[in-house]
Structure formats: structure tokens, C-alpha cells
Amino acid sequence: SQYFLNTVFYSVSTTLLVVLLTSMAAFAMCRLRIPGYKIILGMLALTFFMPQGYTIIPIFQIVRDIGLLNTVWAVVLVSTAGGMVVNTLLFFGYFRSIPHEIEEAAIIDGATVLQRYWQIVLPMSRPIIATVSLFTFMNTWNDFFTPLVFTLSRPELRTLSVGMFNFVGQSSREWTLMCAGATISIIPVILVFIVLQRYFIEAFAGAVKS
């Protein structure tokens, strides 16, 4: 039960942070025309080719130096950072499909950048928000490597995926317990997909149409 609650906390917290931060970053690059934003996009795209194994050591050292090692926030922040690149690009592509004319009336009325983002663009982006939320939740929920590394000295902070590994021994495996744990762990993902499936399908339908 503790591993289940930990996994829920990590997944929900990471999803909220990823949606907020990536949508803000994409809005800034898409609407504010930051100088050199194409270079930033190119650098983000290059990180796709960087395996996680090459970055885990410097990330581990940074987390340790700021005093967050073996805490719940270490897992949340590292998972959030891992989902920034691809989701920023997804939001960027979706925001570009929203006509600028929609915001012109708000600009004339004196709306600030934050108001345009929060009150106009973000409410119109429910399909991509649902898509990013679904992918982020699933990736965080199923992640094994990050919670294993950053909660190594505190087993009570582990997730379901790490906890289920305890059922695997050198000479035997607890198949009954593993199957029960797998069934329990997949139920929240199915529920999240059922709730978000309408917006998820809308996002892909819009992408195919465009």
C-alpha cells in the first residue's frame, strides 16, 4: 500500500509539473518569438539522441549536492526534467496551429502575456493537455530506473515497479504476488486513459487532419 501511494504521488505531481512547465515554455517560444528560439528547439531535439545512462551520473550529483537525494522530490523533479523536451515540442506544435487572431482582441483590451496564456490559449489546448498528461502519467507510473536510483537508501519511498522486483529472488520468483501486483498497478493507468480518451483521440484526429 505504501508503494502504491508513493507511485500515485510521483505520477500526479510529475504530470502536473510537466504540463505546466512545458506549456509555458512552448507558449513563450511560439508566441513571444524569443531571439534564438529555433536554436533552442534544435538543442532540445538533439537531446533525443542522448541515452539516459549518460546523464544519470551528473543528475545524481546535482540532486545530491542540493540535498534532495533519497527524498520524494528527487524522484518528482528528475521525472519532470525527463519529460520536458518531447512535451515542450508537442505543445509548441499545437500552439502553432492556434490562430493568432484569437488573441488579438485580448491584446487590444490590454491582456498580459500570462492572461493570454492562462485564459485563452491553455483552455483551447485541452486535447494536447490530455495527451501530454496521459503519456507523462504512464511513463512515471511505469518508471523503474529513476525511483530505484534516487531512493536507494530509503526503501519506504519506492514505487510499485521497484517494489515488485522484491518478488524476484536468485532461485525463485513469487509469481502469484507478481501477478497480483501487476494487476493492481495497471488499474490506475486504465482509469486515467478512460477519463482522457476523448481528448486523446481529438488530439490525434487534429494532427492527422492538419
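**Entry 1: Arg-154 and Glu-156.** I started at Arg-154, which is partly exposed at a relative accessible area of 34%. The model I am reading is predicted. Glu-156 is also partly exposed, at 38% relative accessibility. The two form a salt bridge, with their closest N and O atoms 2.9 Å apart.

**Entry 2: other salt bridges.** I searched the whole structure and got four salt bridges. One of them joins Glu-103 to Arg-31, with 2.3 Å between the closest N and O atoms. This pair connects distant parts of the chain. Glu-103 sits in helix α6 (residues 101-108) and Arg-31 in helix α1 (residues 2-31), 72 residues apart. Both Glu-103 and Arg-31 are buried. I also noted a salt-bridge network that links Arg-31, Glu-103 and Arg-116. Next I looked up Asp-65 and Arg-64, whose side chains meet in a salt bridge at 3.6 Å, N to O. Asp-65 is exposed at 61%, and Arg-64 is partly exposed at 44%.

**Entry 3: aromatic rings.** My search of the whole structure gave nine aromatic pairs. Phe-137 and Trp-141 count as stacked, because their ring centres are 5.5 Å apart and their planes stand at 20 degrees. They are four residues apart in helix α8 (residues 126-142), so about one helical turn separates them. Phe-137 is buried at 9%, and Trp-141 is buried at 2%. I found one aromatic cluster made of Phe-27, Phe-91, Phe-95, Tyr-117 and Trp-118.

**Entry 4: a nonpolar patch.** On the surface I found a nonpolar patch of Leu-46, Phe-48, Phe-49, Val-86, Leu-90 and Phe-135. Together they have about 600 Å² of accessible area. I checked Val-86, which lies in helix α5 (residues 84-96). Val-86 is partly exposed at 36%.

Key
Residues numbered from 1 in each chain as written. Predicted model: local features only at pLDDT ≥ 70, side-chain atom pairs only at ≥ 80, totals over all residues. Heavy atoms only, no water. Phe/Tyr/Trp six-rings, centres within 6.5 Å; stacked < 30°, edge-to-face > 60°. Helix = DSSP H or I, 4+ residues; strand = E, 2+ residues; numbered from the N terminus. Buried < 20%, exposed > 50% of the residue type's maximum accessible area, 1.4 Å probe, protein only. Patch = residues over 30% accessible without salt bridge, like charges linked within 9 Å, V, L, I, M, F, W, Y side chains within 5 Å. Areas by Shrake-Rupley, 256 points an atom, 1.4 Å probe, with all protein chains shown as cover.
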